[in-house]
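Here is a short report on ring contacts and surface charge. Please keep the model open beside the text.

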Amino acid sequence: MKIFYLFDLIFAADLLVGLDSSAFHNCLQEQVRLQGQVRLLEHQLEQQQLKIQQLLQEKEIQLINRGDINNVIDLGGKRHYADCVEIFNSGHRQSGFYKIKALKSPREFLAYCDMQEGGGWTVIQRRSDGSQKFSRIWDDYKQGFGDFSSANGEYWLGNENLHYLTTQGNYTLRIDLADFEGNRRYAQYKSFTVGDEESSYLMNCGNYSGTAGDSLSGGFHPEETWWASHKGMKFSTFDKDNDNYEGNCAEEDKAGWWFNRCHSANLNGLYYNGPYTAMTDNGVVWYTWHGWWYSLKSVVMKIRPAEFEPNLV
């Protein structure tokens, strides 16, 4: 009996040793499997980090191409600049968005300063791609709206801001126009002013010069000025009709503007790709260049004091 008992103990011990060896082998296999998963996850993480870095680089290139980087320029300090000429003559020659505070304005506002073509131009309107809606209510045009960060972003500076800017001196208006065929023209007007809200932001301008023709004051034909001139017109939006037409020009032509009966220039109209057809001539129109049924590719309206002399120091 003792021999059989001893044999059972030996057999049980061998069985336990066999079990321990099998469990140990399985543990090693699991460890190898987990190490393989860790290496795979590390590789995937490295690939994701490389992809993120690549995407960030591509995004930076896109931003540079669009001109979005460093377009809002903080000059710091407590000094207020009345317009882009003051910024230019203070030695800041980079085009971009700056904070401006016209002399009688109650607040600062952002405006794009175009430091090309002699510098000091304050951009008051830009059309470039149709990304912004310009068929808006009175209060939107009063305060301003649009993209105030991108170099080519569409915006309207605001009629209040136009009033404060143009009443602090004698300003020249320049309008740069481009079509979809790569051609460029410009129109320039002396003594550009915009009244206050009580006057419905009445606009006036002086003598024309340029290559695009005189659509703003209707000077292309003396007998057409009674309906075509925007000079001396009040501003209209579809919710505030101040034009000389029996209907509502702003509603028909989908824009806020200094309408007469209705227009020979509508630079806030709907954005089409060149020639268009519609119920009314509601495109981005400059009549004396492309007529009523061609919508321009880009427009920049900008102002600068007439007496501007660049500070070259």
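The report takes aromatic pairs, then a charged patch.

This is a predicted model: local features need pLDDT of at least 70, side-chain atom pairs count only at pLDDT 80 or more, and totals for chains, interfaces and linings use all residues. Residues are numbered from 1 along each chain as its sequence is written, and side-chain values use heavy atoms, without hydrogens and water.

**Aromatic pairs**

The structure holds 23 aromatic pairs. Rings of Phe, Tyr and Trp (its six-membered ring) pair if their centres lie within 6.5 Å; planes under 30 degrees apart are stacked, over 60 edge-to-face, the rest tilted. Two of the pairs are tabulated here.

| Pair | Centre distance | Plane angle | Class |
|---|---|---|---|
| Trp138 and Phe235 | 6.3 Å | 70° | edge-to-face |
| Phe148 and Tyr155 | 4.5 Å | 35° | tilted |

Trp138 sits in helix α3 (residues 138-143) and Phe235 in the loop between α5 (225-228) and α6, so their pair ties together parts 97 residues apart in sequence. Helices are DSSP runs (H or I, at least four residues). Trp138 and Phe235 are both buried. Buried means under 20% relative accessible area, exposed over 50%, partly exposed in between (1.4 Å probe, protein chains only). Tyr155 is buried at 0%, whereas Phe148 is partly exposed at 22%.

One aromatic cluster includes Trp138 and Phe235, with Trp257 and Trp258 also among its members.

**Charged patch**

Which residues gather in a patch of negative charge on the surface? They are Asp241, Glu246, Glu251 and Glu252. Glu252 lies in helix α6 (residues 249-253) and is partly exposed at 31% relative accessible area.

Conventions:
Patch = residues over 30% accessible without salt bridge, like charges linked within 9 Å, V, L, I, M, F, W, Y side chains within 5 Å. Areas by Shrake-Rupley, 256 points an atom, 1.4 Å probe, with all protein chains shown as cover. Salt bridge = Lys/Arg side-chain N within 4 Å of Asp/Glu carboxyl O. Lys, Arg positive; Asp, Glu negative; His and termini not counted. Charge placed at Lys NZ, Arg CZ, Asp CG, Glu CD. Helix = DSSP H or I, 4+ residues; strand = E, 2+ residues; numbered from the N terminus.
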